[in-house]
Amino acid sequence: MMNNMRHCNKGLLIVISGPSGAGKGTICKALLEKRQDIEVSVSATTRNPRDGEIDGVNYHFLKKEDFLKKLEQGDFLEYAQVYGNFYGTPKSNVEEVLESGKNVILEIDIQGALKVKEKATEGVFIFILPPSMEELKQRIIKRGSETPESLMTRFKSAYQEINYVSKYNYAVVNDNVEDAVHKIECILTAEMCRVDRLKETVIESKEDIIHEQLYD
Ligand code: 5GP
């Protein structure tokens, strides 16, 4: 009689953000390789593709006018201007995946994450911190994809962005990708067990118990 018990009927909206160079991208990639129950939301952007980036996989690369048209149509859950380019999370895909019961990960900047938090308070907001500011600087330099000016911009804003950690539910220090991914998996397990997320399960199983007592 207890076989009607379901876990969460809606997927988790997982928002991973933090300053440039903290390692959000690497962590998300590793997490997605490990977990079949999580899908990534592919963002739209007006920035040019980097070497090896594929349209529709890494980003939906759009012309500025096309991005602005979608924005006007209300197609984005959130959007932000980061280092002179627009980035946005397409709304429809996120909603579809969540409704299907799968979890969705958004790897987005801090402005965007805070906008999502206003709309979707049930989301899980995780801030990725670098082990130190010096390490952050080295990682941005090593990436080698930035001009000296954009490197400076990214580094300066990273300093300011660290302060936003207090707006998030969880902070994960990325001194080692494997450990950081493990911590995120623990966070997700705990979130899936939260009583307020299991409301329907508890009610359903309670009804089952009453049914069993009355009729069985
Ligand atoms: P990059 O150009 O290095 O791929 O990304 C620059 C920044 O934009 C990163 O912090 C990345 O997380 C963020 N970003 C990527 N997609 C989105 C999005 O859809 N919305 C927002 N707000 N930020 C995004």
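Among contacts between residues at least 6 apart in sequence, what percentage join residues at least 24 apart? In this protein chain it is 70%, with contact meaning heavy atoms within 4.5 Å. This is a predicted model, where local features need pLDDT of at least 70, side-chain atom pairs count only at pLDDT 80 or more, and totals for chains, interfaces and linings use all residues. Residues are numbered from 1 along each chain as its sequence is written, and side-chain values use heavy atoms, leaving out hydrogens and water.

**Overall build**
- The protein chain has eight helices and nine strands, which are DSSP runs numbered from the N terminus (helices: H or I, at least four residues; strands: E, at least two).
- Of its 216 residues, 40% are buried, that is, under 20% relative accessible area with a 1.4 Å probe, protein chains only.

**Aromatic pairs**
- You will find seven aromatic pairs here; ring centres of Phe, Tyr or Trp (its six-membered ring) lie within 6.5 Å, with planes under 30 degrees apart called stacked, over 60 edge-to-face and the rest tilted.
- F67 and F76 are stacked, at 4.6 Å centre to centre and 25° between the planes, and both residues are buried.
- The relative accessible area is 0% for buried F127 and 9% for buried Y168.

**A ring cluster and a lysine**
- F67, F76, Y79 and F86 are linked into a cluster by ring pairs.
- K115 has its charged end over the ring of Y79, 4.4 Å from the ring centre; this requires NZ of Lys or CZ of Arg within 6 Å of the centre and within 35 degrees of the ring normal.

Key. Buried < 20%, exposed > 50% of the residue type's maximum accessible area, 1.4 Å probe, protein only.
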